[in-house]
Amino acid sequence: MSSTRKQSEASTKGVKLPSNLQKIKSGYRFRKSIPADVRHIIKQTEFIRALGKDYRQAVLECAKLEAEVAQMIEAARKKLEVGSTSEQFLKNGKHKVLPGDSPNLSGHAAALFLSGLDADLNKRRTGQLDEAEFADLSQTFDSMLQKANFAIASGNVSAYPQVIHQLLYLQGYDVQATAEQWQTIAYDFVLAAKPGIEALVQRQAGNLLQPDISEFSEKDPGPAWLLDISTRRKPVATAESSPATLSSVVPHYEKHLANYGRKTQTTRLSWWQGLTDFCKDAALSEVTSNDIYNFFESRLDASEKGWSMKYCNQVRREFKVVFFLAKTKNLCTNNPAADVLAMPKIPDIDENNRKKPRFPFTIGQLNNLYASEWYNPDSESFKGKMKWDLSARYWIPLICLYHGLRVREATQIRVSDIVPGEHPLLRIQTEEGSKKDGDSESALPVRRVKNEASKRDVPIHPVLLELGFMGMVSEAKSRGATSPCFPSALPDRDSKHPIWGRAYEQSFLRYVRDKLNFGNGYGNHSFRHTLEDCLRNIQLDDVWPAGLGQFYSGRALPGDRDMDLFRVVGSERHYGTGYIATRVVQYVARIQYDGLKLPKPYKEWLDGKPSVAGNLIVILNRDWGSEWK
């Protein structure tokens with residue numbers, strides 16, 4: 001045996017082992033990763049089994065295990081599909097209507113009722129009934145039998161239509177019957193269900209009867225969501241049938257993107273979907289660098305919404321990450337995106353036209369904005385949240401102009417982020433009020449910032465204080481100690497992907513682009529560019545301390561074109577929490593815009609109108625209770 005094993009091992013030197021067969025010190029083993037989407041069903045992350053030291057025997061066992069594990073994964077995916085399909089089906093409320101004259105309707109309902117007999121028997125067999133539950137069941141079953149006998153004898157079946165409707169409704173059916181039809185359906189149901197009830201009563205006395213329910217089982221078509229699921233299901237790829245395709249990476253990629261913001265997730269997944277469609281969901285092993293090149297060439301040549309070369313390079317970098325992820329997960333052995341050594345080109349004039357620059361507002365544009373309908377509290381041009389939240393319409397453009405806040409930073413400010421004092425401070429943070437691991441589902445949606453540099457405490461600009469900013473904060477605080485300063489920023493509670501301030505963000509963008517005709521390139525981010533221009537000009541007369549400009553606007557480092565203007569900081573920026581906010585006041589006061597015509601002070605501007613309409617408060621109280629405050 002020993003010489004045979006040595007010959008076998010010697011004969012395998014230089015031979016490529018089958019997929020998932022590994023050579024280890026003790027011989028060979030089978031090791032296959034369980035796909036992430038079914039791990040919670042299979043309750044394993046990988047399948048490992050020792051196969052001994054004989055190579056030929058290990059190869060045979062490996063082939064058997066490949067088939068077994070593939071079947072196990074396919075079965076789990078079927079279970080997953082059925083579960084998710086039923087949940088979505090019932091959630092959408094698209095139940096299949098069953099008219100009262102449907103054939104075998106009472107038999108269908110009886111089959112569902114009698115199917116519970118197996119569960120009851122299994123519970124007894126496995127000892128899951130305690131004494132209290134056993135006693136309760138005796139009383140329940142006796143009552144059920146008494147009611148069934150009365151219904152059959154008297155014809156009074158008024159208690160059963162609701163039972164039948166509930167049984168079928170949970171299977172995705174909605175019975176719509178007349179009173180006369182319900183009488184017949186319910187009576188036939190009681191006749192069919194009575195043997196099952198009698199069996200339950202007998203079981204309580206120790207007689208484990210199992211009535212024949214095959215007649216009714218044949219009348220059960222199954223849940224409504226399964227009627228066409230077989231035609232919609234795609235075949236599951238196995239090691240023998242077909243290799244992993246581009247779409248096979250998506251579950252792993254979604255998990256990889258889990259900690260990114262929703263916009264980043266959807267954008268990057270759409271890039272991968274674009275490549276998948278272009279390559280017709282080809283096997284990962286068949287995708288070449290030429291396919292990647294041709295994909296980007298097609299995006300550059302697109303007649304509508306063509307990409308820029310800069311954008312293509314950004315996408316290529318992400319494709320490299322995705323292919324490396326697939327390689328790590330043993331879905332492929334190559335990275336065609338990394339093998340793209342040259343990218344397609346377009347003329348410079350086309351490249352410039354396709355870029356999506358963000359422009360700073362001019363003083364003239366800002367004056368137009370502050371004199372426009374946006375700053376008319378009596379305007380009827382706005383609907384919903386933007387009509388009801390005057391505080392958001394007044395303050396967010398001003399906060400963004402003087403602090404350079406990103407739109408999400410501004411819209412998610414809560415009163416607890418404002419620190420009162422001689423020099424009131426604004427804290428751009430995310431911790432308080434954010435949903436953390438272990439929080440209940442009722443917690444407010446998570447608040448996000450772009451990066452660590454975005455977190456900062458800065459003095460509130462004197463211009464905002466003069467306009468009455470702290471009065472607005474005081475009013476917001478009267479609603480609750482952690483109330484959002486701008487209630488319209490709260491997303492809808494039933495939103496699948498809640499994002500703070502979406503209503504404001506979209507409304508403001510459309511307003512300046514379309515109503516004020518500023519055109520493309522102008523929007524919420526223009527305020528940030530306007531502030532950066534202001535900071536840049538200030539440095540010409542009085543260079544600020546190293547890193548202060550970046551600290552104030554929430555940037556990690558100055559851009560390349562600003563290196564000669566701002567004092568550069570080094571690795572020391574990674575230590576401590578930054579500048580003491582109250583020491584920054586003298587510099588912040590220098591942020592001014594010559595020629596700017598500001599709106600009236602807030603209280604005067606409101607002219608007696610509420611900052612936040614009662615309609616919005618009622619909606620938030622209904623959706624969030626007291627939690628939003």
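User: What counts as a nonpolar core here?

Analyst: A nonpolar core is a set of buried Ala, Val, Leu, Ile, Met, Phe, Trp, Tyr and Cys residues joined through side-chain atoms within 4.5 Å; buried means under 20% relative accessible area, with a 1.4 Å probe and protein chains only. Do keep in mind that this is a predicted model, where local features need pLDDT of at least 70, side-chain atom pairs count only at pLDDT 80 or more, and totals for chains, interfaces and linings use all residues. Residues are numbered from 1 along each chain as its sequence is written, and side-chain values use heavy atoms, leaving out hydrogens and water.

User: Which residues touch the most other members of the largest core?

Analyst: Among its 61 residues, they are Leu-369, Tyr-370, Trp-374, Trp-395, Phe-469, Phe-527 and Ile-591. Helix α18 supplies the largest share, 10 residues; helices are DSSP runs of H or I, at least four residues, numbered from the N terminus. Another core, of 30 residues, lies apart and includes Trp-271 and Phe-323.

User: How do α18 and α23 pack?

Analyst: Axes are lines fitted to C-alpha atoms over the stretch in contact, and angles run from 0 to 180 degrees between N-to-C directions. Here α18 (residues 390-403) and α23 (residues 525-541) pack at about 35°, with axes 7 Å apart. Contact means heavy atoms within 4.5 Å: Pro-397, Cys-400, Leu-401, Tyr-402 and His-403 of α18 meet Phe-527, Thr-530 and Leu-531 of α23.

User: How many disulfides are there?

Analyst: A disulfide is a covalent bond between the sulfur atoms of two cysteines. With the cut-off of sulfur atoms within 2.5 Å, the count is zero. Cys-400 is buried at 2% relative accessibility, and Cys-332 is buried at 7%.

Definitions and conventions
Helices (H or I, at least four residues) and strands (E, at least two) are DSSP runs, numbered from the N terminus. Buried means under 20% relative accessible area, exposed over 50%, partly exposed in between (1.4 Å probe, protein chains only).
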